[in-house]
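Morning, everyone. Please look at the model on the screen, and I will walk you through it.

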Amino acid sequence: MNKNYKLKAMIFTTAVLFTVSCLTQGLSKNVYAMPSVQELLITEVMPMSQTTNDAYEYIEIYNNSNRNIDLKDYKLPAQNMDITTSKIISPKGVLVICTKGSTTLDNFNTFYNTAITAEKYTTLPFVDEVLSNDSITSILLSKDDNTPVVRVQYYTTDFKAKNSIIYKYSESGIDMLRLGQNQSPTPGSVSVDQVPQSLIKVTGITLNTSLITMGINQSAVIHATVLPVTANDKNILWTTSNSSIVEVSQKGVLTSKAEGVGFVTVTTVDGGLVAVCTVLVKKIPVTGITLDKTNSSIEVGKSITLKAVVAPENASNKSVNFDSSNSSIASVNSNGIVVGKAVGEAVITVTTVDGNFKSTCIITVKDSQTPNTSSSIIRLNKKSIQIKVGHFEKLTPITTPGNLKKEGLTWKSSNDKVAYVTQDGRVFGKKEGKAIITVTMKDGERATCNVEIIYGKEKGREKGHSK
């Protein structure tokens, strides 16, 4: 390696950039004044190989600006090289700088199997070891006035024969970031990961509606669309002209507060473009009310809930009042909960505050101790009998279910002078005629038997004699 060249390069660089220490060693801690716009980027470097099987060394430069840049206004101070030949790099264009000045474009394209055109290729005067293979090498591109523009670094471990190092842009500072090492070379071509993407500005904003009508204390959502859909910054801000009429969240959710007209505005952060929606808040009157039940029954001490439905669904004032015609039988609270108080019947009425619309439900309150009469049945063993005067017949009650107790049965004759019945079911013939014998249970269930009292021999079997 040419030690004299290295020494000369170090002395020259130190003199030019005296505010930058250790520049020729390429230490990452070096600090430069950051340019206002990072216009040029170094996106790929092919260094010298450490073997005789060498490639054509090159530096790939990308124009990150929106203007033509002439490379003759720049230099490589660390390599002690001023670029004096005019070479224009077009906006968002690439230039490959071959550091072996004797290399023709055809030979370069043949070696790398590329098709680089003349406007994207140039060479530098031959200087030995421009892209050296030292342990660490720094390449700084600066303007002729010594303003640093962009810098890259590489180590011997970053590459091998005929392989390159690729770099990507940095969000801040002049130092490019290594994106890949020991890469197959791609001179004249950059990937989207290497360079900043063009900023797509917002051009407009629209709302899905320009007018919305709401009742008081209601919610609605309006949607905004930022144009174009590919814009980089789609952030928006929502505001309201009068929060006492309508409020708006940063998600476009509207909440109406009072009657009136409000204007909701959405503004793009990028460009300050606006769209406006007029919000009309007005009273929506009640048109009717219904209860979910018109008749219902409960036991004493039990409760049910009546649900009221106010129409229309978006009515502004859906408040209602509940009332009982007899709260000592059935009471009701403001939530429609009805409680049975005593046996009887009461009418529950619900009334709208807006419009005085009404709906009613008849509540029957039953004794919680009253047996279920539909579950017990009684009948007699005979539906009709004949008994001779002076004789008797015993009737037997039969119940369903059969395990019901028969205590407390009441027996009665429709005509005691013809037929008399005891409380154990014995029927005595008194005189000729007809009567109906009835047996009654405590729950009111009853059964009957038709009795005919005759003189002489009875038609049926004689059951006994009176004493």
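D73 is partly exposed, at 35% relative accessible area. Partly exposed sits between buried, which is under 20% relative accessible area, and exposed, which is over 50%, using a 1.4 Å probe and protein chains only. K72 is partly exposed too, with a relative accessible area of 35%. D73 and K72 form a salt bridge, and their closest N and O atoms are 3.5 Å apart. By salt bridge I mean a side-chain nitrogen of Lys or Arg within 4 Å of a carboxyl oxygen of Asp or Glu.

A word on the source. This is a predicted model, where local features need pLDDT of at least 70 and side-chain atom pairs count only at pLDDT 80 or more, while totals for chains, interfaces and linings use all residues. Residues are numbered from 1 along each chain as its sequence is written, and side-chain values use heavy atoms, with hydrogens and water left out.

Back to the salt bridges. How many does the structure hold? There are 9 salt bridges. Take D175 and R151: their closest N and O atoms are 2.7 Å apart. This pair links distant parts of the chain, 24 residues apart. D175 sits in the loop between β11 (164-168) and β12 (177-183), and R151 is in strand β10 (residues 148-155). Is R151 buried or exposed? R151 is buried, at 0%. D175 is partly exposed, at 25%.

Next, K382 and E393. They form a salt bridge with closest N and O atoms 2.8 Å apart. K382 lies in the loop between β31 (377-380) and β32 (384-388), and E393 in strand β33 (residues 392-394), so the pair ties together parts 11 residues apart in sequence. K382 is partly exposed, at 29%. E393 counts as buried, at 4% relative accessibility.

Now the whole chain. It has 2 helices and 39 strands. Those are DSSP runs numbered from the N terminus: helices are H or I with at least four residues, strands are E with at least two. Of the 467 residues, 41% are buried. Take contacts between residues at least 6 apart in sequence: 59% of them join residues at least 24 apart. Contact here means heavy atoms within 4.5 Å.

On to the interior. A nonpolar core is a set of buried Ala, Val, Leu, Ile, Met, Phe, Trp, Tyr and Cys residues joined through side-chain atoms within 4.5 Å. Which residues touch the most other members of the largest one? They are L40, V45, I61, L71, I139 and Y154, in a core of 30 residues. Strands that each supply at least two residues of this core include β1 (40-46), β2 (58-63) and β9 (136-143). Leaving aside neighbours within four places in sequence, L40 is in contact with residues including I61, Y74, L141 and V150. Apart from this core lies another, of 21 residues, among them I205, I216, V246 and A275.

Last stop, Y112. It lies in helix α2 (residues 105-112). Y112 is buried, at 11% relative accessible area. Beyond neighbours within four places in sequence, Y112 is in contact with M46, A55, Y56, Y58, P185 and P187. Y112 and A55 are 57 residues apart in sequence, but 9.0 Å apart in space, C-alpha to C-alpha. A polar atom of the Y112 side chain lies 2.6 Å from the backbone oxygen of Y56.

That's my tour. Over to you.

How values were computed: Polar contact = N/O pair within 3.5 Å; in protein donor to acceptor, adjacent residues only side chain to side chain.
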